[in-house]
Structures are given as structure tokens and as C-alpha cells.
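Keep the 3D display open and follow along.

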Amino acid sequence: MRRTLSLCLLCVSMASTPMSVFAMEVYFDLAADGAINASMDDTNRWRDVAVMEPTSLAGPALPSAGSGWGGSATLGFQFVEHCAFEIGVGFRRGLRSTYSNDNPADGVFQELSLSADVLRFTPALVFSSKVARWRPYARVGPMLAFAYMDWREDKQLRFAGGAQYKTTTEVDLNGPLLLGLHGAVGTTMRVDESLSFFVEVAYTGVAAAVAKAKITRYEVDGQDKLGTLARNEKDFVFVDQPSASKTYSSDSPREVVSKRFRLSSIGMRVGLRVDL
């Protein structure tokens, strides 16, 4: 009898509990974003890159390339009232970070620039609260990314008597899958029962280890000279410890010291959220 009464009380309790406690809410959002480099580059980081010709790519340090603009889409699953799991995908078009070095005493003018386009996948946990129409939240999670980087160097040599010698070099950089972290704090504002507007400040922390590089453009005084370069002058493989005594044939890529490009950024993201 007692066991039967207990089961009845349990059924009454479950029937009186709001379904929102057990029901999973699903939502989808679209957003636009813009970001700047998370850290400022000092001039020494740019000056230290001059090692290898016809490009300065093999130096010990390279600048940041986190600035850019883009968009993203996210699918979210809210299992409980104050916690959700999200799966996001986004693309950022990189803006160029540029440094110019004009040294009249040596007759050298050099302009270096770097940009990175990044495709990113961003699973995350979201913790939120609710105040009237507003829902402040914090998001954190790992980030998987693919980066396509473009390095450009414009160099001008000025000689006595006014003679000049100009070169332009562009390099495509390819790396493996990148692993980093991302986080954000923001708030949503409900517009109606299924539509909300949101704004957030977001941070991404990631560094790209380059595996290969290839010179795709080499001009001297405005004339295409890419065809004059042997393979070991335009194809590069990044390794931890290149052999100083290794002899390179003209038809094999050259080994250079591996390096990591900083793609970390801080920016703003705005968009619309639809409750499905």
C-alpha cells in the first residue's frame, strides 16, 4: 500500500513539474564579426625577418595576422535553463598587417605585410542568466581552424646617381589543422517569442605552424621573373632544425626554420538568433 502511494505521489509530482525543465530548446544564429590583433607587434619582430632571398620569410619571428572581418553560423542546444552546447562554423577574411622600413643610409626601402584567411569550427559551452528580455551569457570552448596565409614583400634599393632596383615577392603559406581556444561575453535581447538580437565581445587564441611555403609572384622592376627561380629558391619546407651542411639540388625544396604565426584576435560579433 505504501509502495503504491509513493508511486502515485511521484506521478503527481512529475505531472505538476513544468516541461521546460526537461525539454531541450534548439536555436540557430547568424552573425557578422570584425576583429583586430590581440597583441601589438613591435618593430623588431618585423626587422628580424631578413634572412633568405628572394624573400625574408625565414627569419626567427613573424608578426601577427589576426585582424579581419567575416561571418559565422551556430546551432545551439539548451538542455537546461542556464547552460547550452553550441556547434559553430565561421570564416574570417584577413586584413593585412604591414610594416615599412626606410633606411636612407643603406639605400633600402622595405615594406612587409601578412594576412590570413581562417576557416574555423567552434564547439562551446554557454552559461547564461535571464533578466526580463535580456539574457547575459559567457561562452568558452576549443577551436579547430584551417588558415591560408599570404606574405608579401616589396623592396626598393636606391643607388648613388639615382638608380633604383625594385622587387616584389608574394608567398603562399600552408599549415596543418590548428587547435586553439575561443571565448566571448555578451547578451541577447528578445524581440519576439522566437527572435532575438545579440552582441558580444569575442576572443580567439591560436598560432599557426607553417608546413610549406611557395613563392607565387616574383617581379624585378615590374617584370615577371618567377620563371628564373629554381625550385629551391621558391619552394620551402619548414622543419625544427634544418641542416646547415645540407646541399640542396635546384629541383628540391629548401628547408627553413619552422615558425608559428600568431592569429589571436579580439573583436565584436553581432547577429540574430532564431529559436526553433
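Asp 221 is partly exposed, with a relative accessible area of 45%. You will find Asp 221 in the loop between strand 11 (212–220) and strand 12 (223–224). Bear in mind that this is a predicted model. The phi of Asp 221 is near 50 degrees, a positive value in a residue other than glycine. As background, most residues other than glycine have a negative phi.

Ala 132 also has a positive phi, near 55 degrees, and is likewise not a glycine. Its place is the loop between strand 5 (108–128) and strand 6. Is Ala 132 buried or exposed? Ala 132 counts as exposed because its relative accessibility is 66%, and the cut-off for exposed is over 50%.

## Strand 8 and its partners

Strand 8 (residues 178–190) runs antiparallel to strand 6 (residues 134–158), and 12 bridges join the two. Within this pairing, Val 185 of strand 8 stands opposite Ala 138.

Strand 8 also runs antiparallel to strand 9 (residues 195–205), this time with 10 bridges. Here Ala 184 has Ala 202 in strand 9 as its bridge partner. Strands 8 and 9 form a hairpin, with 4 residues between them.

## The protein as a whole

Stepping back, the protein has 16 strands and 3 helices. It is made of 276 residues, and 39% of them count as buried. Among contacts with a separation of 6 or more, 69% involve residues 24 or more positions apart.

The accessible surface comes to about 15400 Å², and carbon and sulfur atoms account for 62% of that area.

Note on methods
Residues numbered from 1 in each chain as written. Predicted model: local features only at pLDDT ≥ 70, side-chain atom pairs only at ≥ 80, totals over all residues. Heavy atoms only, no water. Buried < 20%, exposed > 50% of the residue type's maximum accessible area, 1.4 Å probe, protein only. Contact = heavy atoms within 4.5 Å. Areas by Shrake-Rupley, 256 points an atom, 1.4 Å probe, with all protein chains shown as cover. Pairing = 2+ DSSP bridges.
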